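Trainee: I have a model to go through. Can we take it by question and answer?

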Amino acid sequence: MGRAGGPVEVARYRWRHQAEMARGVLEDAGIPATVVADDAGGAYAGIAPARLLVAGDAVEEAEAILVDLERELESDDSEGGTV
């Protein structure tokens, strides 16, 4: 998994833009995050999952924030949110 402070994967996304959005939410909360995506520089989007990494000591907080984000997105979908 990673050392106490080393990078740890907290989520995987099918599309890089989803991972980038989640990264922005984490960074707004003060948690530095990195997106790792092997998509040939964008030439082959979706060829492999985009991984979201945070420091090992921020994993629990990051996961809690991402759960809240997912709930918000699901709530918006069920309420007929805008596209």
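**Core, salt bridges and surface**

Mentor: The largest nonpolar core has 19 residues, and Val10, Tyr13, Leu26, Ile31, Leu52, Val54 and Leu66 have the most contacts inside it. A nonpolar core is a set of buried Ala, Val, Leu, Ile, Met, Phe, Trp, Tyr and Cys residues joined through side-chain atoms within 4.5 Å. Buried means under 20% relative accessible area, exposed over 50%, partly exposed in between (1.4 Å probe, protein chains only). This is a predicted model, where local features need pLDDT of at least 70, side-chain atom pairs count only at pLDDT 80 or more, and totals for chains, interfaces and linings use all residues. Residues are numbered from 1 along each chain as its sequence is written, and side-chain values use heavy atoms, with hydrogens and water left out.

Trainee: Which element gives the most to this core?

Mentor: Strand 1 (7–13), helix 1, strand 2 (33–36), strand 3 (50–55) and helix 2 each supply at least two residues. Helices (H or I, at least four residues) and strands (E, at least two) are DSSP runs, numbered from the N terminus. With five residues, the most is given by helix 2.

Trainee: How many residues apart in sequence are the parts that Arg51 and Glu9 tie together?

Mentor: The side chains of Arg51 and Glu9 meet in a salt bridge at 2.6 Å, N to O. A salt bridge is a side-chain nitrogen of Lys or Arg within 4 Å of a carboxyl oxygen of Asp or Glu. Arg51 lies in strand 3 and Glu9 in strand 1, so the parts tied together are apart by 42 residues.

Trainee: Is Glu9 buried or partly exposed?

Mentor: Its partner in the salt bridge is Arg51. Arg51 has a relative accessible area of 30%, so Arg51 is partly exposed. Glu9 is at 25% relative accessibility and therefore counts as partly exposed.

Trainee: Which residues do salt bridges that share partners join into one network?

Mentor: Arg16 and Glu20 pair at 3.3 Å, N to O. For Glu27 and Arg23, the closest N and O atoms are 2.8 Å apart. Glu27 and Arg23 are four residues apart in helix 1, so about one helical turn separates them. The network joins Arg16, Glu20, Arg23 and Glu27.

Trainee: Is His17 buried or exposed?

Mentor: His17 lies in helix 1 (residues 16–28). Its C-alpha atom is separated by 9.7 Å from that of Val35, 18 residues apart along the chain. The relative accessible area of His17 is 59%, so His17 is exposed.
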